[in-house]
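Please go through them one by one, setting each value against its cut-off.

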Number of protein chains: 2
Amino acid sequence: MSPEPTRIQRRNRRAILDAALAVFSQHGFRGATLDQIAAEAGLSKPNLLYYFPSKEAIHETLLAGLLETWLAPLRALDAEGEPVEELLGYVRRKLAMSRDFPCESRLFANEILQGAPRIMPALEGELKSLVDEKAEVIAGWAAAGRIADIDPYHLIFSIWALTQHYADFDVQVRAVLGTGRGDPFEGADRYLVTLFTRMLRP
Amino acid sequence: MSPEPTRIQRRNRRAILDAALAVFSQHGFRGATLDQIAAEAGLSKPNLLYYFPSKEAIHETLLAGLLETWLAPLRALDAEGEPVEELLGYVRRKLAMSRDFPCESRLFANEILQGAPRIMPALEGELKSLVDEKAEVIAGWAAAGRIADIDPYHLIFSIWALTQHYADFDVQVRAVLGTGRGDPFEGADRYLVTLFTRMLRP
DNA sequence: AAAATGTTTGACCATGTGGTCGGGATCACG
DNA sequence: CGTGATCCCGACCACATGGTCAAACATTTT
């Protein structure tokens, strides 16, 4: 069917997806334009549509690749590990993703804000079942007295909220902190470790 | 100059702003169209532009009204009150706003995601100075040993993140919880009270 | 070098979009 | 009533946008 892509194909597909990520993550699907993406990628608009059949297809490709990356840190939560250590590790991995891939975080946020028209099935399927599985693990830890008693679902939501906030609301965080108060992500790391340590200790 | 608006003016301006809030909050400024807003408001497009000079003006009107509402709960944080009670009260007021005004929350989120092109001055001015003031109050409580030692800025950020998450990511929260697990906001209320009680106690 | 394949783009099209305009419908008020 | 002000909208405009196409250009293969 589709044999190896040429070097040019690999380079241009990559350039397009990078450019599209930047534009979609800032303006959402409907607010983004092909001209903008083409300019950002250094290609002509018809050339975009040589590599992808439509605007929709570019967006779908981005989202498809995104979900796996996004769930990986939670998937790594190990039921056999030391509970507080595992949960703190998850928090820090997620915060590092916000620091290193802020555009991916914003792309996801935009999709959800718009009502998740394109990834609702994945939310109700893959995402839900992974969260169900890990929530059970956490509930087990709580029942065994290895962490404090807590609603595991809202614990997971709170980790998402706290870590993604530093990517999605980056400009607000920086506007409030000003220039003098150090890197937001370093402060966030210390704060979140303190917060979850205090909350989880049995 | 502009004497009392007639009853019709009040009704239509209101209908337009309500409709625009719904549309802008879902699609962002660029993704929203006047036709959509007009349809939602039950008016013709030219009639929209009879009441507001441009799409931009509608959006600005919404944002201008928003910031005050948005800051009110933080402004109500009383330096003379009992610290934990004050902070828990702030959390619950903010969560109630997410429940009762989710569109406003999403409108704000969209604006920040897009880099805050229209309210950056307010963020660096009004918002920053209010946060600076309240952070000082919280730091004072911590120094006096009335709450646990904590970074007051990130404490405020965490309250924003945790409460707004339930409005902005509502569809995701509901997709993961499914139908059987009760109202997200009730669960969130219990969870957040527990979380902050544990974290703040000296 | 020529043929075959893969890549690029200028010109173009249909539709969508923000915004205007002139005139008609409706209202407030004497 | 009547009449002036307010309110409403069909038709229209200029431009942006997603997408097409044929022809030119480049690269690989034989």
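Predicted model: local features only at pLDDT ≥ 70, side-chain atom pairs only at ≥ 80, totals over all residues.

What follows is a set of questions and answers on the protein and the DNA strands.

Q: Why is Thr163(B) called buried?
A: Buried means under 20% relative accessible area, exposed means over 50%, and partly exposed lies in between (1.4 Å probe, protein chains only). Thr163(B) has a relative accessible area of 0%, and is therefore buried. Its place is in helix 8 (residues 152–168) of chain B, where helices (H or I, at least four residues) and strands (E, at least two) are DSSP runs numbered from the N terminus.

Q: What does Thr163(B) touch, not counting residues up to four places away in sequence?
A: With contact meaning heavy atoms within 4.5 Å, Thr163(B) touches Val91(B), Lys94(B), Leu95(B), Ser98(B) and Leu192(B).

Q: Why is the pair Asp35(A) and Lys45(A) called a salt bridge?
A: The term requires a side-chain nitrogen of Lys or Arg within 4 Å of a carboxyl oxygen of Asp or Glu. For Asp35(A) and Lys45(A) the closest N and O atoms are 3.9 Å apart, and the pair is therefore a salt bridge. This pair links distant parts of the chain, with Asp35(A) in helix 2 (residues 34–41) of chain A and Lys45(A) in helix 3 of chain A, 10 residues apart. Asp35(A), at 47% relative accessibility, counts as partly exposed, and Lys45(A), with a relative accessible area of 37%, is partly exposed.

Q: What makes Arg75(A) and Glu126(A) a pair that ties together parts of chain A?
A: The two residues form a salt bridge, the closest N and O atoms being 4.0 Å apart. Arg75(A) lies in helix 4 (residues 55–75) and Glu126(A) in helix 7 (residues 120–143) of chain A, so the parts tied together are 51 residues apart in sequence. At 38% relative accessibility Arg75(A) counts as partly exposed, and at 33% so does Glu126(A).

Q: Why is Lys128(B) called buried, whereas Asp132(B) is called partly exposed?
A: Lys128(B) has a relative accessible area of 19%, and is therefore buried, while Asp132(B), with 22%, is partly exposed. These residues form a salt bridge, with the closest N and O atoms 2.9 Å apart, and both lie in helix 7 (residues 120–143) of chain B, four residues apart, about one turn of the helix.

Q: How do you know which residues come nearest to DNA strand C?
A: A residue is near a strand if one of its heavy atoms lies within 4 Å of it. There are 17 residues around DNA strand C, of which Thr6(A), Gln9(A), Tyr51(A), Leu34(B) and Lys55(B) come nearest. Sugar and phosphate account for 59% of the atoms of DNA strand C that come within 4 Å of the protein.

Q: Which atoms of DNA strand C do Gln9(A), Lys55(B) and Lys45(B) approach?
A: A polar side-chain atom of Gln9(A) lies 2.9 Å from a phosphate oxygen, and a backbone N or O atom of Lys55(B) lies 2.8 Å from a phosphate oxygen. For Lys45(B), an N or O atom in the side chain is 3.0 Å from a base nitrogen.

Q: Which helix gives the most to the surface near DNA strand D?
A: Helix 3 of chain B does, with four residues.

Terms used:
Residues numbered from 1 in each chain as written. Chains lettered and ligands numbered in written order. Heavy atoms only, no water. Polar contact = N/O pair within 3.5 Å; in protein donor to acceptor, adjacent residues only side chain to side chain.
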